[in-house]
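Hi everyone, thanks for making time.

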Amino acid sequence: MLSRSAERLYWLARYLERTENIARLVNVHMNLLMDLPKGVEMSWRQLILINASQEEFYKKNTVANERNITRFLLADESYSGSLISSLSAARENIRTSRELLPDEAWEQVNEMYLYAKNNLETVANRRHRVLFLNEILKGCQRFTGLLSGYMSHNAPYRFIRLGRNIERADMTSRILDLASLLLSESRSDEVRQYETILWMNILKALNALLIYRQQMHSSVNGDDVLNFLLQDNTLPRSVSCCISELSDCISRLPNNDDLPLVLIELEEYVKAIDTRQTTQEQLRGILDDLQNKLGAFHNKIADNWFLSN
Amino acid sequence: MKSIWKNYKTDIAYDELMYSEFQSRAVSHRLCQYLDSLKKEDIDKRKIAAELAIMEMGISFTVYSDEGNIDRAWPFDIIPRIIDAKEWRIIEKGLKQRLTALNCFISDVYNEQAFIKDGKMPGEIINSSKNFRKECIGMKPRHNTWANICGTDLVRDKDGIMYVLEDNLRVPSGVSYMLENRIITKRVFPELLQDIDILPIDDYPTHLHEMLTSIAPHQNGQVTCALLTPGIYNSAYFEHAYLAQQIGAQLVEGSDLVVNDDDCVYMRTINGLEKVDVIYRRIDDDFLDPEVFRPDSTLGVRGLMRAWKAGNVALANAPGAGVADDKVVYAYVPEMIRYYLNEEPILPNVPTYLCGNEDDLAYVLEHLAELVVKPANESGGYGMLVGPHATAKEVENFRQIIQKDPRNYIAQPTLSISTAPTLCKGKLEPRHIDLRPFILQGENTFVTAGGLTRVALKKGSLVVNSSQGGGSKDTWIINMEES
């Protein structure tokens, strides 16, 4: 397998995972705001906080309202972190990797892209936005299923899994970031009152509610949720699960050098976190650190296998 | 109900499907009747279905510009063009004969030059040809095939005869569109394809792979093929990716390849370097190897010619094969067929005047306003004069140009190329078409059943190039004999 192709497939998977995550995030946030009574200090602004994109947002917008933020996150083609930009980057990567993938893979992403492109305007309207996001989520899942059923589970597939899981781990850590913000000591009694709803939505954002209930046999509570999302071994979107997926792919790729060791270290690091013992500030520090470690791991992948330019 | 064929004009040129608005040719009878049985809305629906399929399959050209990338959908006309299998079998034979002779000629040019020594062609033509590569002298590729992939352009004149317009021996494109056109037609007219005995075309990738394997430098064990593309900004990138996928080759760019001290070609993979045996290259000679050809080329691979000459890698088409793409050399193809194969040409050339010959030049200058004049070494219809469509001033201009460099110009009578019914704003109208079959030659020779039919979508236009308002049609070779 060409180094160039490995790089393109890896990015294809990252961009598609990002597309799906943005859709998920906006979807859940919308539901959350519908559940919470007016006046609770939850707002759309939090969505741009966790992406660290406030600066870019305020360059283009003055008010952080639903309309502006959803347009920015979903439909702004000039913002590289938007859903449409991620999807179109994914499409460009798959267009240039067609020889490695089943035909249906390209058609699937192309169709989804055309759908998104033709319906960008509709996201301003809440009802249409729900349809739009559903279509995108379905499309992403269809793609994942299609590859798992149609594609040889060989090196190209492993690079796709690598990209998907590193992006997924990163997004989960960002969602935890958002959660830690909401946990802040200064939160009002009103927020405390609706906390369960909030945590349920965080779980939903990561498709974790059902699994959480099955595993924890307890009511939804903040500290448990945080630990669960970091460390559960069966939840596909937990940070631990993503890391063990990464380990599995890495161990089956040629020339993996010291990468398996780096991953063991990372695994240990995640296991050692105990959200019950940390303050909100410490937690934020830990999550920052985790994101940096994932970034460093990405660089190692690139050094090892990608075309050095 | 009014017939869809009412007022269809067949007096413009030879029409491939219709004798007149009242009568279709035998071979197109079923199709024409079927179209007539459809309501106008039905036909429109099929057209929309085709456009949708094209969008979803992502069959497009990408035009890259400063304003961003524009994906242009592949312009496709749903009405197929039809040729009787009886006629096709003769054309097919003619195409094989032609490519065989051309490969003999290229081999000869880079080795003995017997054709020239025997006085069949002035040596000056080769010595002054831009596409003669002295680096190739003495080379003998496997099976003596230099042009392995050829896309010959055929046109039918008013006399009903198919003429060879040009042999494209460098990096002909379009075969992926031929394949995709059939896939779309299957979606749009499934009933028809079921009932009519149309020769299949989807075996092309198999034959391409077989041909590439047959020219590999070694014949033991597995052959690694790569398709060398100029990259994602090339307008034919879609085709490169499509073909690589279809034949299971690695799609590589110049920077993916490296030639080591052992004069072998390797690609950079996740396992380290891996040896490549056969390269189907889709970049021109000029850009192939900065060590030998254009030093500023970033598309090619340094040392590729060294590896090829050492016999460690096969290149398709071989470097230097373009020498036979010269339009002056074209005029000698009938003679080549007689000389190398001892046969009479099956497919005629368009009569060609070589401005390098004094007599021909005098005739051409006298009849400029009636002739088509072409530069010898350009492709894609650049730098041409179409006498009957040119202004007096343009004709005079061209007179000067030819006189300055007669060797590099040829002239041909203006053909009245055939038409086929084409859906234009919901109505069937005649539009001019040509045909590009693809011929493969390695150990064996293979011709696609039909080829890519290109159509000039603008009324009256003779230009079928997709960059200039051309589209394409599916091409049906129909077996009429009862089996």
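Predicted model: local features only at pLDDT ≥ 70, side-chain atom pairs only at ≥ 80, totals over all residues.

Residues are numbered from 1 along each chain as its sequence is written, while chains are lettered from A and ligands numbered from 1 in the order in which they are written.

Asn207(A) is partly exposed because it has 13 other C-beta atoms within 10 Å. Asn207(A) also has a positive phi, about 50°, although it isn't a glycine. You'll find Asn207(A) in the loop between helix 10 (195-205) and helix 11 (209-216) of chain A. By the way, helices (H or I, at least four residues) and strands (E, at least two) are DSSP runs, numbered from the N terminus.

Asn342(B), not a glycine either, has a positive phi of about 60°, and sits in the loop between helix 13 (333-341) and strand 16 (353-354) of chain B. Is Asn342(B) buried or exposed? Exposed, because there are 7 C-beta neighbours inside 10 Å.

Asn317(B) belongs to the loop between strand 15 (314-316) and helix 12 (327-330) of chain B.

Now, chain B as a whole. It has 15 helices and 25 strands. Its radius of gyration is 23 Å, close to the 23 Å from the globule rule for 483 residues, so chain B is as compact as a globular protein of that length. That radius is taken over C-alpha atoms, and the rule is 2.2 Å times the number of residues to the power 0.38. Of those 483 residues, 46% count as buried.

Let's zoom in on a sheet. In chain B, three strands make an open sheet in the order 6-22-23, with antiparallel pairing; two strands pair if DSSP finds at least two bridges between them. At the edges are strand 6 (149-151) and strand 23 (445-447) of chain B, each pairing on one side only. Strand 6 and strand 22 (residues 438-441) of chain B share three bridges in the antiparallel sense, and Gly151(B) has Phe438(B), in strand 22 of chain B, as its bridge partner.

Back to chain A, and helix 7 (residues 126-150). Its 25 residues reach 36 Å from first C-alpha to last, close to the 36 Å expected at 1.5 Å a residue; the expected span is 1.5 Å times one less than the number of residues. Buried residues in helix 7 of chain A include Phe132(A), Ile136(A) and Phe143(A).

Last stop: where the chains meet. How many residues does each chain bring to the contact? Chain A gives 19 and chain B gives 20, where contact means C-beta atoms, placed from the backbone, within 7 Å. On chain A's side, the largest share, five residues, comes from helix 6 of chain A.

That's my tour, so over to you.

Conventions. Contact = placed C-beta atoms within 7 Å. Buried ≥ 20, exposed ≤ 12 C-beta atoms within 10 Å, placed from the backbone.
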